[in-house]
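This report describes selected features of one structure in plain terms. Please keep the sequence and the model in view while reading.

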Amino acid sequence: MKYTPIIGLEVHVELKTSSKMFCRCSADYFGKEPNTHTCPVCLGMPGALPVPNKKAIEWCVKIALSLGCTINKESKFDRKNYYYPDLAKGYQISQYDQPFGEHGHISLKSGKAIRIRRVHMEEDTGKLIHQTIDGEKASLIDFNRSGVPLVEIVTEPDFSSAEEVKEYLQKLQLVVRYLEVSNADMEKGDMRLEPNISLSTDPKQLPKYKVEVKNINSFRFVEKAINFEIKRQEDLLTKGKTPQQETRGWDENKGVTFSQRVKEEANDYRYFPEPDIPPITFTDAEISTLRSRVPELQEEKILRFGREFSLAPYDAEILTRDRSLANFFEESVKVGKAHGINPKQIANYIINKKVDTSTQLPASLVKNIVIATQTTQVDETELQKIIDDVLTENTKAVEDFKNGKEASLMFLVGQIMRKFDKKVDVNQVKDALLHKLHGN
Amino acid sequence: MDLYSLSITESLEKLKQKKLSSVELTTACLNRIKKTNKALNALITVTDEAALDAAKHADLLRAQGENLPLLGIPMVIKDNFCTKGVRTTASSKVLDNFIPPYNATVTERLLQAGIVMLGKANMDAWAHGSSTETSDYGPSKNPWNKGYLPGGSSGGTAASVAADQAIGGIGSETAGSIRQPASWCGIVGLKPTYGRVSRYGVIAMGSSLDSPGPMTKTVSDSALVLQVLAGKDPLDATSLPHEVPNYSQSRENPLAGVKIGISDDYFEGVDKEVVSAVTAAIKEYEKLGATIKKIKLFQPKYAIAVYTILQRSEVSSNLARYDGIRYGYGRDRFGDEAKRRIMLGTFTLSAGYYDAYYKKALQVRTLIIDDFKRAFQDVDVIMGPTSPSTALPLGSSKNHPMFGEMADVLVEPSSIAGLPGINIPCGFSKNNLPIGLQIIGPKLSEQKLINIAYKFEKATDYHTKKPSL
């Protein structure tokens, strides 16, 4: 029997706002001393109240807009009630039936659109640390992360392979990086993925079970975990068994998923409207203001680079993988124009030399290109003389070349280049050499 | 006249005229507490040393020409308001050891206004109740008769102020918790519009309803305290941004032309003595120039169902944070009433029941809000009894899980609608227990309520009566 994987994805993106979602504590918790970025609000102390971070909400809306979502003019926060030691209030402030954004999509290279069901805002939890202290096992709670703004992006079950998931994630990561709302660094937990995977014989029909995989902290592992799951479930189904509806963890050392929690039935989070935060409304004007603040994203940039600078899509794609690299390129093009350096030269130089844009300025880049171009101008007479010398000194190699040994050509080029005490354009040397060899 | 029996207004006058020091006033109150608190159990924490220090400081400030609105006034605060460095329990043993590292905004504003905090007042545990009998520290007693309840949940504050342990007090109301104990103890209790006074640092009960407010000896005092409390708080997203008027300024305004609405439903099932005292009070208003108009409002009993569902649901979520990890004690310390509320609220929010209960209750709440809006197109305020009865004997709430809802039936509709209301003393029963009149107004009509209440107070002397202790 042929099985089609049906995969949906929940992604949590942590925003890099300077303060937390509902209080003024610093949201920069990574590597900080435990429980130093806390206050009564994010510790969930008696009587403390949440006041939503306006910037975080705007950023969430910008993400939703970038993903083509419709923005709900009336949104609200809800309480998601559950007990866990890292959840200070016994409920998480999230959004239930009126998320900020709905019905978006991300298009893959193949042209397939992955539908985005919703984009909503919530708060992060604290972190549990299990340690042995004075010989005793202890669970410690660090609330520095408690209340850090999170945006959850949920897709429809539209993926049918791990590759598609990976491509979607790379695009999503780029969107939030372009928006400069998150570092989207997987290792630091800025971006967290939870794929749910099931197999079906009929791609139009959702199977009765689904397996959610957690604790995946890199794009490489998400591919591995999904492929592992597809294989595992396929084996079970082939044997006539139905995989269990459950949450599985990813063990990166063993390269396997393992059962964490079997869901008997759906959790009842007893959602209800958060009474501490009034509903949030957006006017058309507010939405279009936010839309105008969404920068040009990668896809548009690639098209424009092709149009304005005649770059090949491949080069344009590389230059736009990072918004600051793309900006650097454009700045360099402006500077280059005055020095007769064209965009194509700049693109090649940046791509081939793997230019570190954080340590170089566009002006110095252009200067380097100018110098590089100048040094290739070797005096033709001098070159001819050196070629003659080298050919005389290496008759064996010349012979080999004439007998069809291509490698000898590069050997001879190398010998010629070495005779110069400056950098020479390898192509110029090669052309002159070939001319000579064929001419003789 | 004993110093402790002064009102805030009288005290401020004497303090300003240097006829009295805050230390003298505070000492008088502390002595009164020493004498009466054992029997009344109105306060569960007395901060006598800190109070005297604060009083000395207040006197020093005044000597330096400082003139803060409540400088040197000794007050008591209900124990669900967080007080930095002072134990705050909400009368539950779950928080027996909780010393907040922060002040509630109300506490902060009072301290900034110069008050001297005498201590923390007893209440129903977590504000669950209308008797103080659910307090884990034992019930408070009514100063008018120690065999009777003070009402609740702000019963400790009401008893303390009525017994002249303090010059003024602070309570909080979800539905009735200021007005009902004020009524049973014969003092003035003002429940402001929801959002007019910040909830930050008030241990949450029903978050969409909780309203802190003054509990005082006179209407003028109420205006002075509200002036300090009211206003937008950046720490409470539900606090209202509207400008705060001068509450004392227009209290003398004549009542000519004021239209008072009366609904027969609010007199149904109410004690005869209460009915006659309230009816007499309304007659008095006619004499003062107001017009009385019969109006039709929803039967208040509908509010009970709505209130019960909304409040229990919010309670079940609000109490989740006491998970046994942080405050020293676990959930096993919750009393029966808290457990009942958590169970009912958990049920009404559960999948499959949310639509039938919580959502339906929200819809009915909207109808009640609209019902009041309609009524206020015809009248300026609505008057009625605050409570269906005078104070009930100790033990009355036992075995009556819905005791509070019944005692608060006449204040619940306006609470659900987020409206302001005030209780003022309007008479006494044959066995010398106070009777309260409540005046309800539209949103943000506190100034008008103060004006209307003040005119009655000026024309009568019920507020000057003191229990013999």
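At what angle do helix H9 and helix H10 of chain B pack, and how far apart are their axes? Helix H9 (residues 301-318) and helix H10 (residues 336-349) of chain B pack at an angle of about 100 degrees, and their axes are 7 Å apart. Helices (H or I, at least four residues) and strands (E, at least two) are DSSP runs, numbered from the N terminus. Axes are lines fitted to C-alpha atoms, for helices over the stretch in contact, and angles run from 0 to 180 degrees between N-to-C directions. H9(B) and H10(B) are therefore roughly perpendicular to each other, a term for angles of 65 to 115 degrees, whereas those under 35 count as roughly parallel, those over 145 as roughly antiparallel and the rest as oblique.

The residues of H9(B) in this contact include B:Thr308, B:Ile309 and B:Arg312, and those of H10(B) include B:Glu337, B:Arg341 and B:Leu344; contact means heavy atoms within 4.5 Å. The contact residues comprise five nonpolar, seven polar and three charged. Here Ala, Val, Leu, Ile, Met, Phe, Trp, Tyr, Cys and Pro count as nonpolar, Asp, Glu, Lys and Arg as charged, and the others, Gly among them, as polar.

The model is predicted: local features need pLDDT of at least 70, side-chain atom pairs count only at pLDDT 80 or more, and totals for chains, interfaces and linings use all residues. Residues are numbered from 1 along each chain as its sequence is written, chains are lettered from A and ligands numbered from 1 in the order in which they are written, and side-chain values use heavy atoms, with hydrogens and water left out.

Between the two chains, the contact takes 32 residues from chain A and 36 residues from chain B. The buried area is about 2600 Å², of which carbon and sulfur atoms give 57%; buried area is the accessible area (1.4 Å probe) that two parts lose on being put together, summed over both. A:Pro46, A:Leu49 and A:Arg270 supply 23% of the area that chain A buries against chain B, more than any other three residues.

A salt bridge is a side-chain nitrogen of Lys or Arg within 4 Å of a carboxyl oxygen of Asp or Glu. By this rule there are 53 salt bridges over all chains, and the count between chain A and chain B is one. Two pairs are listed below.

| Salt bridge | Distance, N to O |
|---|---|
| B:Arg199 and A:Asp276 | 3.0 Å |
| A:Glu14 and A:Arg192 | 2.8 Å |

The second pair links distant parts of the chain, 178 residues apart: A:Glu14 is in strand E1 and A:Arg192 in strand E11 (residues 191-200) of chain A.

Two backbone features remain. Most residues other than glycine have a negative phi, and most peptide bonds are trans. A:Asn35 has a positive phi of about 60 degrees, and a cis peptide bond joins B:Gly152 and B:Ser153, with omega about 10 degrees.
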